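I opened the notebook with a plain plan.

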Amino acid sequence: MNDYGPYLYRMAYSVLHDQKEAEDTAQETFIQVYKSLPEYRSQGFKTWITRICINKAIDCKRRRARRREDEWESEEVLQQIPAAEEDTLDSLVRKERIQRVASRINELPDAHREIVTAFYLREQSYEQIAADQSIALKTVESRLYRARHWMREHWKEEDWS
């Protein structure tokens, strides 16, 4: 541990960029090395423990990303749920936004409007849209892509603020 501890910490830190997580990862690496010693084949000890450390760091980074996604999703859900004591002003603003979005969607060309409405408003999957409209899945993908492109070209961001 004395010989390779600082080295493993630097390796973990280079992946994670977080001191605490790098320390934890270096410790987990030593635990894994101890558990895996019977399988060690005497072919480059430093390379072997480095590979274990990097894999542990990558796993830690993936867990961190999943935690952030979970936190983000729960925040989105909370924002979408109206408060029980929603005042009249918030209700009016929400209705106005809904009307503005609906009128903007009506500006879309017919093929784009159908796809956007099905995907975003009815929250249908590509497969459901393809089945409902009797078209190929790739057609749904390309039409939705073109609809998004059309919206970017024709709608200015300041129109929505």
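I began with a definition: helices (H or I, at least four residues) and strands (E, at least two) are DSSP runs, numbered from the N terminus. This is a predicted model, where local features need pLDDT of at least 70, side-chain atom pairs count only at pLDDT 80 or more, and totals for chains, interfaces and linings use all residues. Residues are numbered from 1 along each chain as its sequence is written, and side-chain values use heavy atoms, with hydrogens and water left out.

**Entry 1: the whole chain**

I counted 7 helices and 0 strands in the chain. The pattern along the sequence reads α-α-α-α-α-α-α. Next I looked up burial. Buried means under 20% relative accessible area, exposed means over 50%, and partly exposed is in between (1.4 Å probe, protein chains only). Of the 161 residues in the chain, 24% are buried. I also noted the accessible surface, which comes to about 12300 Å². Carbon and sulfur atoms hold 51% of that surface. These areas come from the Shrake-Rupley method with a 1.4 Å probe; for residues, only the protein chains shown count as cover.

Then I turned to contacts. Contact means heavy atoms within 4.5 Å. I took the contacts between residues at least 6 apart in sequence, and 56% of them join residues at least 24 apart.

I found Cys53 in helix α3. Is Cys53 buried or exposed? Cys53 counts as buried because its relative accessibility is 0%. I set aside neighbours within four places in sequence and listed what Cys53 contacts: Leu8, Met11, Ala12, Thr25 and Thr29. Leu8 is 45 residues from Cys53 along the chain, yet their C-alpha atoms are separated by 6.5 Å.

Ile49 lies in helix α3 too. Its relative accessibility is 1%, so Ile49 counts as buried. Beyond residues up to four places away, Ile49 touches Tyr4, Leu8, Thr29 and Val33. I also checked Ile49 against Ala26: they are 23 residues apart in sequence and 10.0 Å apart in space, C-alpha to C-alpha.

I moved to helix α2, where Thr25 is found. Thr25 counts as buried because its relative accessibility is 1%. Which residues does Thr25 touch, not counting those up to four places away in sequence? I listed Ala12, Leu16, Cys53, Lys56, Ala57 and Cys60. A polar atom of the Thr25 side chain also lies 2.8 Å from the backbone oxygen of Glu21.

Gln32 sits in helix α2 as well, which covers residues 19–36. Gln32 has a relative accessible area of 26%, so it is partly exposed. With neighbours within four places left aside, Gln32 is in contact with Ile52 and Lys56. I checked Gln32 against Ile49: 17 residues apart in sequence, 9.0 Å apart in space, C-alpha to C-alpha.

I looked up Gln124 in the loop between α5 (110–121) and α6. Gln124 counts as buried because its relative accessibility is 15%. Its side chain makes a polar contact with the side chain of Asp132 at 2.9 Å. A polar contact is a pair of N or O atoms within 3.5 Å; within protein, one must be able to donate a hydrogen and the other to accept it, and residues adjacent in sequence count only if both atoms are side-chain atoms.

Next came backbone angles. Most residues other than glycine have a negative phi. Ser42 has a positive phi near 55 degrees. Ser42 is in the loop between α2 and α3 (45–80). Its relative accessibility is 60%, so Ser42 counts as exposed. Ser134 has a positive phi of about 55 degrees, although it is not a glycine. I placed Ser134 in the loop between α6 (126–133) and α7 (137–154). Ser134 is exposed because its relative accessible area is 66%.

**Entry 2: the largest pocket**

Which helix gives the most to the lining of the largest pocket? I found helix α4 (residues 88–107), with 8 residues. The lining includes Asp90, Arg94, Ile98 and Leu121.

Definitions and conventions:
1 Å grid on protein atoms, 1.4 Å probe; cavity = no way out; pocket = protein on both sides within 12 Å on 5 of 7 lines; lining within 4 Å.
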